[in-house]
Amino acid sequence: MLTIIWAALAARRAQATAVLLLALLASAAAAAAPSYTAAAGQALWRYELSTAPPNELLVRLAEPVEYPGMPGDPSRSVFAGEVRGLTPAGFDVVLGAQSGGVAAGRAGTVTSNLTYRAGICERVAVTGACPRAIPRGQVPEVMVSTHTAERLGVAVGDQFTFGKVPVRVVGVYQPLDVKDPFWLGAEFIRPPAADSPSGPIPGSAEDSIFTAESAPLVDDEVILSRSTADLYATERLLDGRSVADLQATLAVLKRDGGRAGYGAGTSLPSLLDRVTLQRGQLADGVALGAGLLVLLCWLVLFVAVGSAADQRRPEQGLLLLRGVQRRRLWALAIGEHAVPVLVAIPLGCLAGLGAATLLAAHTLPAHADVTVDRTTIGFATIGAVGALAAVLLAQARMMSAPVVDLLRRVPARVRGWRATIGDVVAVSIAVAAVVQLRSGGSPSGLALVAPIAGALAAGVLLARVAMLAGAAVGAALLARGRTAVGLALVQVARQPRFRPLIALLTVAVAMLAFTVATSEVASAAYRDRAVVEVGAPRVVEVDATSRSHLLTAVRAVDPEGRFAMAAVVSGSSAASSTPLLAVDSGRLATVAASHPAYGTPLADIARDIHPPAPGTPVRLRGRQLIMALSADFDAEIFGAYRVRLAITISGRSGTRVVLARPDIGPGRNNYDLQVPECAQECRLVKIEIDAPVVERPLKVQFEELRTADADGRGESVVLTGAQFADLQRWRLLDTDDTSLSVASGAKAALVLDVSEGRRARPAGVAVLDSPFPLPGYLTRSKGTMLGGLHPYDGVDGTPSNGWVRGLVDRLPRLGGAGLIVDLEYADRLAVASQNGSEEVWLARSAPPDILDRLRAQGLVVRSDRTITQVRQGFDRQGAALALRFNVFAALAGVLIGAAGMVATASADHRARVAMLVDLRRQGLPPRTVRGGYGWPVVFAVGSGALVTLMIWPLTRGGQRLFSDGRSPVPLPEWPDVGRLLLFAVPAVILFALTALVLGRIVAASVRRRSGR
């Protein structure tokens, strides 16, 4: 039998080579999937490590009690030994110790930490030297930052005190890379306070003061320190372990650390959850693409081997007539094709490794090694064995056919249920997959392969339709004398092997179009989401002393409003609350990035949320306020219940409530309030009368408000009695138990009447310098109608109601849920300090030195992100990497389709040439000798386009585009046709050229054999 197998391989070298190559492709595709998935998972882990905040990379253990003595190296302590026993593999451990206190130098004091931290000297540039261990009785050595040295007024060689301990400065340091996780964000290098001078060197006066490895004191009791151990996650953490194993290890670490009293504070599980999610999405997506390639390879083998088997039907029939048993024929078939399949397994592993390496080098966000392991070999074996199964399945019909059918030149048509069972199975699987996909939830199981299953089922059905239509149209054309086209269609329709070829090409075209369409939609979705979530081409998060400071600073940087806008984002994205976006509305349309998803032009929003103010702000300048008022109440009845005057002011340093001294008494008096923050300028927010219990009605007349210097000189009238009496300037804070009126008589005043009873909050008036309720645009998802009032928390966190001037689908930065208002008006209504994230939105035209300009205005830059950066972040997630692999697989599928055409034509070549030679000798015109291979391409291209249009609306909603599964912007319903044609047209041209070359080969063979 072995001799016969080798003879069969030698006799059918072309077919053996085709089986080898296609099995090799199937094996390589199957091997590339786990190799690429493992490499991409490693790259995702490295990328997430590089972009994660420090708290997600750290597990901190700390001694529960403080011990006397300077912070020093705990490496030889019991604590360090227990930490080493608790630390899992893959963590870098940094030991340290610290003590909090106040450092005092000749120029000032600063609250900071005296810290020992292993490895500090390698991460700083030092003027002077790093601290050294010193013997007992000498002054300990320390190293301070540039900012701390400036605040304390010390230099190298000087001394200062930390608590009660004198220390000597031996070095002044600057961090080399403040973004290094070693610094734990802002724990050791503190950000400067808002409105304080800042320069190019990161940090502030509160930076940690670093001490030496050991510094014994004469009296250790004067200072207490606590040892710490920081466990940093590294790239080695996942070596040889799954994320699930690591999560279990972390749980054990937290448990054991808690038992030892060290705790184990960490946010690392959130990072692991994110990596787990992305790896799962990556694996599913890559499996989909690799499955498509393997399926196409199996289909090509099925078509090619089936076509070749049809040509050997007479040979098979003669062998059976001579008494050869069918089991021996099966053994020959298995042996003949098992040899190239076995050879394909190791070659497929190498080819898959090469493809995965090439793809990883061009698609992954970080470097990752591509290796071959048992999983790779196993998948390659599955791909090759499946190829063998496809080969044997293609020959099953011939092996089981009666001898009389084997001796026919044209195979008998399969009729009855056997003819449709394959179609029924394909359609059933496709329907089940689509139903599961559209049932909701995260795609899994059959839902993941819904596009492929749908394309295959539709391709099989349309191929059947193509065969029937080709037969009918071909016969009609032959009857009309159109021999060339009619004969080609009849040839295609009469040969069953063309039906799987048409289905194969249909699936290749449809999946290329579908995959490219998904990739194009994903690219647009990434861009749209980045635009909406960021809000502007560039957004800088800053710290300001107040909202007023933020507005003033940004307007000073960009007086004309061409490229910068102040904004405050506050609130929660929870369904029960309403996130708030407060913007400098006059700049919104110029600076913010517009998007059709908003549903309303930004210019209209900006105009409607900033109507003319009902009044002007009351500006104050001076260190002292003097309020002249008259109070009418019975002091004896009030008894111990105090009546106090409170004035709320808002300045550059924030919003503050100032109480007057003494308490309000009956009659007319002047009440002084100290307001040092108003020395430059501040704004009057509200005037309140704080009386928790009112025993009898209380009446207060506000007659005059003056400002003065701290010593009472330089008085200036801010509000006269007549101005107080203008009711258009004031808004009553509590309309239930208080009322406003104007004093009658010669002296005008504003009169506040307070009813008797207990009061939960003070009574008073606010300056009406802003529209109230505050007008805003609300997203439709919140359900409040146009013109209604919607509850929200203001920029100061105070519950309030906004007047809905307009409804939008989405808002910049907030997405599908939120409220946008004018920042200046919102600040005027605020009665407390800032709440939320302070930001500066920048247009593309912002100057390169914009951050330096913002710092010069006293703003502290915390973070800086752009639409491009966020867009690139989406493109580096697991779902995006899987999409790129699928595009690669779809392009490879086109090549496999072309290979299927060649394989089918090779198997069919001899019989087709013989038939055409006979017809040519009977007078068939030369122009009709074209082979007919172009018609399967025509059918397949049309079917592929139709299949794409069919499966796209059914399955597009189930494609994973984002790792977190959400987007504030609706996904595009259809891809860009131009980008789609950019990929589809070359594929069609490849198929057409292949058909043309095959036709010319047939024509040349006919001419050579017929002599015509």
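Here is a short walk through a predicted model, from one of its sheets to some of its aromatic rings.

Let's start with the sheet. Its 9 strands follow the order E30-E31-E29-E32-E14-E13-E33-E12-E34, and the sheet is open with mixed pairing. At the edges you will find strand E30 (789–793) and strand E34 (860–866), each pairing on one side only. From one strand to the next, the twist averages 35°. Inside the sheet, strand E29 (residues 774–779) and strand E32 (residues 819–822) run antiparallel and are joined by 3 bridges. To see a bridge up close, look at Tyr777, whose partner in E32 is Ile820.

Now for the aromatic rings. The whole structure holds 14 aromatic pairs. In one of them, the rings of Phe79 and Tyr262 have their planes at 90° and their centres 5.0 Å apart, so this pair is edge-to-face. Phe79 belongs to helix H3 (residues 78–86), while Tyr262 lies in the loop between helix H5 (243–259) and strand E11 (265–266), so the pair links parts of the chain 183 residues apart. Phe79 is buried because its relative accessible area is 1%, under the 20% cut-off. Tyr262, at 10%, is buried too.

Another edge-to-face pair is made by Tyr173 and Phe210, with 5.5 Å centre to centre and 65° between the planes. Tyr173 sits in strand E8 (residues 165–175) and Phe210 in strand E9 (residues 209–211).

Finally, look for charges over rings. The charged end of Arg123 sits over the ring of Phe182, 4.2 Å from its centre. Elsewhere, Arg731 lies over the face of Phe772, at 3.9 Å from the ring centre.

Technical notes:
Residues are numbered from 1 along each chain as its sequence is written. This is a predicted model: local features need pLDDT of at least 70, side-chain atom pairs count only at pLDDT 80 or more; totals for chains, interfaces and linings use all residues. Side-chain values use heavy atoms; hydrogens and water are left out. Two strands pair if DSSP finds at least two bridges between them. Helices (H or I, at least four residues) and strands (E, at least two) are DSSP runs, numbered from the N terminus. Axes are lines fitted to C-alpha atoms, for helices over the stretch in contact, and angles run from 0 to 180 degrees between N-to-C directions. Rings of Phe, Tyr and Trp (its six-membered ring) pair if their centres lie within 6.5 Å; planes under 30 degrees apart count as stacked, over 60 as edge-to-face and the rest as tilted. Buried means under 20% relative accessible area, exposed over 50%, partly exposed in between (1.4 Å probe, protein chains only). A charge sits over a ring if NZ of Lys or CZ of Arg is within 6 Å of the ring centre and within 35 degrees of the ring normal.
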